[in-house]
Amino acid sequence: MVRFLILWLLLASSCLADIHLPTTPVLVEPNSPKAPKAISEIARGTLYVVESTTPLIQLQAPEGFLNVVSAKGPLSVFGIFADGSDEPELRKYASENLMIVTGIKPGRTELILIPVGVTEQESIVRQILTVTGEGPRPPPVPVPPTPEPQPDPAPQPVVSFRVIFVKESGSTLSAEQSAIPGAKSIRDYLTSKTTPEGGLAGWREYDPQQNTTNEQATMKALWAAVKPNITNTPVLVVEVNGKATVREYPKNTADALKILKEYGGQ
Amino acid sequence: MVTFYKNIPIIDTDGPTDDLLYPKDVEYGLVPRDYATDPEAMFSPPSGMELIPQSEWDARFDEQEATKSSLEHIYLSGSNGAPAFTCLEQNGHGYCWSYSTYHSVMLDRLRRNLPMVRLNPHATAAIIKNGRDEGGWCGLSAKFGREHGHAVQGTDPGQWPLHSRNLRFDTPALRAEMTKYKIEEEWTDLTRELYNQNLTMAQVATCGFNNIPGPRDYNWWGHSVCGIRWVRIERGSWGQLILNSWKGWGRHGLGVLRGSKAVCNGGLAIRSTSA
């Protein structure tokens, strides 16, 4: 218990606030000369679990190296952990908000974690992660003689959904694209489905150079995180359960609605 | 007899619309731009604007109608066709040239779903005119708005009370609050002296099809209003949908100017305000 308390104090003093990244060593003995160090390398197949007391929005720069699944704790997880040994183990995570990160392909990326409702830039946690090509080789798992069919994993409920349409304010798009996002069907859908803040639905239309100094905290944090990844316009930014995606601008109103419903549901 | 576009009155070149144009007990306030004091270089030129050719106007208008995506639709998106906000009202002072700009800022925020605030154009006009009830042109309020922002209506510290011209409300708190609502993107001067009437019309139409609002000055009317949309009244006949700042005027403040009445003498486009 004391060891956990010391670990927590060390993390708190390093401005990580209430976000806990996997570290090594996992536990710190009293008077130990070793300070915990955030892990910066994960092998494919290992689990890198982030714990937080507040919901997180995550971004990757560049994208494509990590798969991130948001989950609610407490949660028991069985696997090989980035901060553990090469053997699979069962762990119980007590934090309310969890992000389970795995490597997709070898390479280096930055994982950016933004607490929802953040007002200070210092509260945003950034961690460089290198995905290595070789994963640990777990011992062979005995195959049961009559495997039971596994149900499809239940889809994650949408607990956070925000949308930003980014287009140059002085540009002239096609007639069909100009109707986005003004079309009544799109506005009605977004107003009913996106996550509100301060009574206002969680969608916006921004100029690429949008000044968000006075924006609501979550939208401001989302924009700060995705803006560096926007290199051309128009584009569509969709955030679901803390994961933000920058994608091609829809072709027309029907296309926009179809895309939005893929993320936000019917 | 007044004709209508979707229950919105039309002010025509030859129409009997005096009751609409010059109702009793209203003020105007437009003083035409003096190019000697407000030269063309005051605002950025619209050379970057990709004009929408007239051959596309019908298709653009039809798309806006089919999808209900125009600024007209967005403004009238309240319950049962009511406006999303009650239009601002200048109440007997010659400050139309500030109201047209403020209406544009509020509509820009509405269309982009930015946090909605009720702004107060009296603040800018009173500060520029040192508390006097004097006319001006839309560029004066726009220039001030680009440099200082726009005031919020109210009686709390940092706000400007409704219809007040009292400069004691021009406090550091007010100026700090105003900076939250500044123009971020360049204004586009639609009415440079060297432009001919057709070019101005094409620019105004392009703004309308792109949902870009902006103040419009009409010397023949002695009045400044907010331009919302370029509308087809009937095949081959187009007009400027405007939002006026007179109480109880038109349909929720909306009217349409057609023919020679639609040609503005001062016009700007608001491309983007701060979030």
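This is a predicted model: local features need pLDDT of at least 70, side-chain atom pairs count only at pLDDT 80 or more; totals for chains, interfaces and linings use all residues.
Residues are numbered from 1 along each chain as its sequence is written, chains are lettered from A and ligands numbered from 1 in the order in which they are written, and side-chain values use heavy atoms, with hydrogens and water left out.

Colleague: What area do chain A and chain B bury between them?
Modeller: The size of an interface is often given as the accessible area lost when the parts come together. Here buried area is the accessible area (1.4 Å probe) that two parts lose on being put together, summed over both. Contact, meaning heavy atoms within 4.5 Å, involves 30 residues from chain A and 27 residues from chain B. With 46% of it on carbon and sulfur atoms, the buried area is about 2,300 Å².

Colleague: Which side chains meet in a salt bridge between the chains?
Modeller: A salt bridge is taken as a side-chain nitrogen of Lys or Arg within 4 Å of a carboxyl oxygen of Asp or Glu, and the count between chain A and chain B is 1. The N to O distance is 3.3 Å, and the two side chains are those of B:R111 and A:E205.

Colleague: Which element gives the most to the side of chain A that touches chain B?
Modeller: Helices (H or I, at least four residues) and strands (E, at least two) are DSSP runs, numbered from the N terminus. On that side of chain A, at least two residues each come from α2 (175-178), α3 (184-193) and β14 (203-206). The element that gives the most, with 4 residues, is β14(A).

Colleague: Is B:A151 buried or exposed?
Modeller: The classes are buried under 20% relative accessible area, exposed over 50% and partly exposed in between (1.4 Å probe, protein chains only). B:A151 is in the loop between α6 (138-148) and α7 (172-178) of chain B, and, leaving aside neighbours within four places in sequence, B:A151 is in contact with residues including B:Y102, B:W160 and B:M178. At a relative accessible area of 0%, B:A151 is buried.

Colleague: Which residue does a cis peptide bond join to A:T233?
Modeller: Most residues other than glycine have a negative phi, and most peptide bonds are trans. One cis bond joins A:I180 and A:P181, with omega about 5°, and A:P181 lies in the loop between α2 and α3 of chain A. For A:T233, omega is about 0°, and the residue joined to it is A:P234.

Colleague: What phi does B:K6 have?
Modeller: B:K6 sits in the loop between β1 (4-5) and β2 (8-11) of chain B, and at 34% relative accessibility B:K6 counts as partly exposed. Although B:K6 is not a glycine, its phi is positive, at about 50°.
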